[in-house]
Amino acid sequence: MELPAPLKAAIDQILEGVPLADLQRQSEMLTKRYRAEVRDGRLHMADALAVKAYLAARMPATYAAVRASMDALAEAIPDFSPRTMLDIGAGPGTALWAAEDCFSGIESATLFEASKPVREMGERLTKNRIGAAATWTDGDITIQTRDLLPADLVTICYVLDEIAPANLPKLIDNLWRLTKSVLLIVEPGTPAGWRRILVAREQLIALGAYVAAPCPHQELCPLIEPDWCHFSRRVARSKLHRLTKGADVPWEDEKYIFLAVSREPSPAYEARILAPPRTGSGKVTLKLCQSNGMAIEKMLTKRDGEAFKKARKLDWGDAF
């Protein structure tokens with residue numbers, strides 16, 4: 001997956017002339033903070049150079065994970081067509097770009113972001129390049145969401161890991177209060193990210209939400225640690241992306257986990273594929289989370305006819 005062409009062109013223009021050594025240094029600092037899940041009261045991107053490093057090194061992968069999550073949401077609720085959007089912890093507008101690409105007809109979007117340099121960069125990236133009327137606002141997302149208006153689609157992506165666990169219940173309550181139709185949460189595809197999704201999932205179901213994706217059920221997650229639920233999306237790297245990260249290969253695999261919940265029940269599907277399918281001569285084995293709340297491995301062979309042919313075309317994360 002690649003960034004939309006207008007976004008990629010805007011990023012290339014912003015990064016032109018920025019010393020590579022500065023991008024590399026800032027990228028390494030960002031990566032360390034993200035991986036350590038640092039909560040020290042400081043913003044991850046507190047100045048313009050840190051934001052530029054994010055654009056070069058992290059935005060393509062974040063975009064890919066959010067866009068893939070929205071694909072699953074759109075598949076689960078085919079008639080979902082949001083007109084309004086609210087993005088909490090919006091960064092430079094990554095989720096808005098993904099929503100514009102996935103859903104047609106978004107008319108207005110409110111982007112809530114605490115960092116002034118990030119907001120300024122987001123405004124620069126989106127101005128005259130997207131169809132939705134974008135309004136940027138700031139504040140502490142754990143205590144200052146009361147003045148925000150509800151939206152058809154509410155998103156919070158790669159943000160829960162920055163919130164103190166004690167503040168998550170109130171934040172989840174506020175997110176659901178602001179959701180007219182669908183709430184989408186995306187987190188890193190780590191065991192810790194999965195656990196945060198499980199906590200939010202349990203709370204949202206108790207509030208009356210219906211799980212649309214990725215789970216095909218409302219039951220407890222059937223996976224037991226050290227196993228955990230997550231997915232992967234391959235991301236194309238530009239030359240600058242590779243140089244900033246000190247990488248050799250022209251791609252990377254972004255691991256992510258997400259949760260989409262709705263105000264209304266969504267059409268049912270049988271299962272979700274939880275791992276890369278294992279193929280062999282005349283057979284394919286799928287790890288499935290089923291609509292009955294159970295996780296199984298299912299082998300299909302040529303004797304299964306059309307079901308086998310369809311299974312051979314499916315991938316990790318697809319509905320079955």
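A residue is called buried if its relative accessible area is under 20%. The model examined here is predicted, with an average pLDDT of 92 over the chain.

**Exercise 1.** Classify the ring pair of F80 and F103, and state where its members lie.

*Solution.* Begin with the geometry: the ring centres are 5.4 Å apart and the planes stand at 80°. An angle over 60 degrees counts as edge-to-face, so F80 and F103 form an edge-to-face pair. Next, locate the residues: F80 belongs to the loop between α4 and β1, and F103 to the loop between α5 and β2. The pair thus links distant parts of the chain, 23 residues apart. Finally, consider accessibility: both F80 and F103 are buried.

**Exercise 2.** Determine how the rings of F231 and F258 are arranged, and whether each residue is buried or exposed.

*Solution.* The centre-to-centre distance is 5.8 Å and the angle between the planes is 50°; the pair is tilted. F231 lies in strand β7 and F258 in strand β8, 27 residues apart. With a relative accessible area of 1%, F231 is buried. F258, at 3% relative accessibility, is buried as well.

**Exercise 3.** Identify which rings R234 and R263 lie over.

*Solution.* For R234, the charged end sits over the ring of W251, 3.6 Å from the ring centre. For R263, the ring is that of W176: the arginine lies over its face at 3.9 Å from the centre.

Technical notes:
Residues are numbered from 1 along each chain as its sequence is written. This is a predicted model: local features need pLDDT of at least 70, side-chain atom pairs count only at pLDDT 80 or more; totals for chains, interfaces and linings use all residues. Side-chain values use heavy atoms; hydrogens and water are left out. pLDDT is the predictor's confidence in each residue, from 0 to 100. Rings of Phe, Tyr and Trp (its six-membered ring) pair if their centres lie within 6.5 Å; planes under 30 degrees apart count as stacked, over 60 as edge-to-face and the rest as tilted. Helices (H or I, at least four residues) and strands (E, at least two) are DSSP runs, numbered from the N terminus. Buried means under 20% relative accessible area, exposed over 50%, partly exposed in between (1.4 Å probe, protein chains only). A charge sits over a ring if NZ of Lys or CZ of Arg is within 6 Å of the ring centre and within 35 degrees of the ring normal.
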